[in-house]
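Please keep the sequence and the model in view while reading.

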Amino acid sequence: LQPHCFNLLQVFGLLRNRCSACPGEGVRLAPEKVIGIVRSTQVDFDKEDRAPLLFIAGSEDNIMPASLNKSNARHYNSGIVSYKEFPGRSHYICGQEGWEEVADHALSWALNPTA
């Protein structure tokens, strides 16, 4: 790959064999911008004064696997952090039939995140 071939997928380690200028290859990203993106996405897992976090996962999600979602939730060392996995659901969790179950859970949690 040439230096101009970096794209967002490469930033996250999913290398492509073709140039990002090719159709369907993602967003072109200059190599000098990669470091800035990585720095701007750092998370303070110990921050005390942040809003409660609810991680929602689908057991059949192949884009953001439930195990990765659960791992992300476990990294937080402070504040209210909850994790909920819905069996049989994919990455399209809120668009699948029965999405109301997910929405109801999220709303109930938001109204009382410490329950």
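On the surface, Asp44, Asp46, Glu48 and Asp49 gather in a patch of negative charge. A patch is made of residues with over 30% relative accessible area and no salt bridge, like charges being joined within 9 Å; Asp and Glu count as negative, and the place of a charge is taken as CG of Asp or CD of Glu. This is a predicted model, in which local features need pLDDT of at least 70 and side-chain atom pairs count only at pLDDT 80 or more, while totals for chains, interfaces and linings use all residues. Residues are numbered from 1 along each chain as its sequence is written, and side-chain values use heavy atoms, with hydrogens and water left out.

Asp44 lies in the loop between α2 (31–40) and β1 (53–58), and Phe45 also has its place in the loop between α2 and β1. Helices (H or I, at least four residues) and strands (E, at least two) are DSSP runs, numbered from the N terminus. Leaving aside neighbours within four places in sequence, Phe45 is in contact (heavy atoms within 4.5 Å) with His75, Tyr76, Asn77 and Ser78. Phe45 and Ser78 are 33 residues apart in sequence, yet their C-alpha atoms are 7.1 Å apart in space.

The structure holds one salt bridge, a term that requires a side-chain nitrogen of Lys or Arg within 4 Å of a carboxyl oxygen of Asp or Glu. Its partners are the side chains of Glu101 and Arg89, which meet at 3.6 Å, N to O. The pair links distant parts of the chain, with Glu101 in helix α4 (residues 99–111) and Arg89 in the loop between β2 (81–86) and α4, twelve residues apart.

The table gives the relative accessible areas of these residues, where buried means under 20%, exposed over 50%, and partly exposed in between (1.4 Å probe, protein chains only).

| Residue | Relative accessible area | Class |
|---|---|---|
| Asp44 | 46% | partly exposed |
| Phe45 | 28% | partly exposed |
| Glu101 | 48% | partly exposed |
| Arg89 | 8% | buried |

Taken as a whole, the protein chain has four helices and two strands, which follow the pattern α-α-β-α-β-α along the sequence. Of its 115 residues, 23% are buried. Among the contacts in the chain with a separation of 6 or more, 51% are between residues 24 or more positions apart.

Technical notes: Patch = residues over 30% accessible without salt bridge, like charges linked within 9 Å, V, L, I, M, F, W, Y side chains within 5 Å. Areas by Shrake-Rupley, 256 points an atom, 1.4 Å probe, with all protein chains shown as cover.
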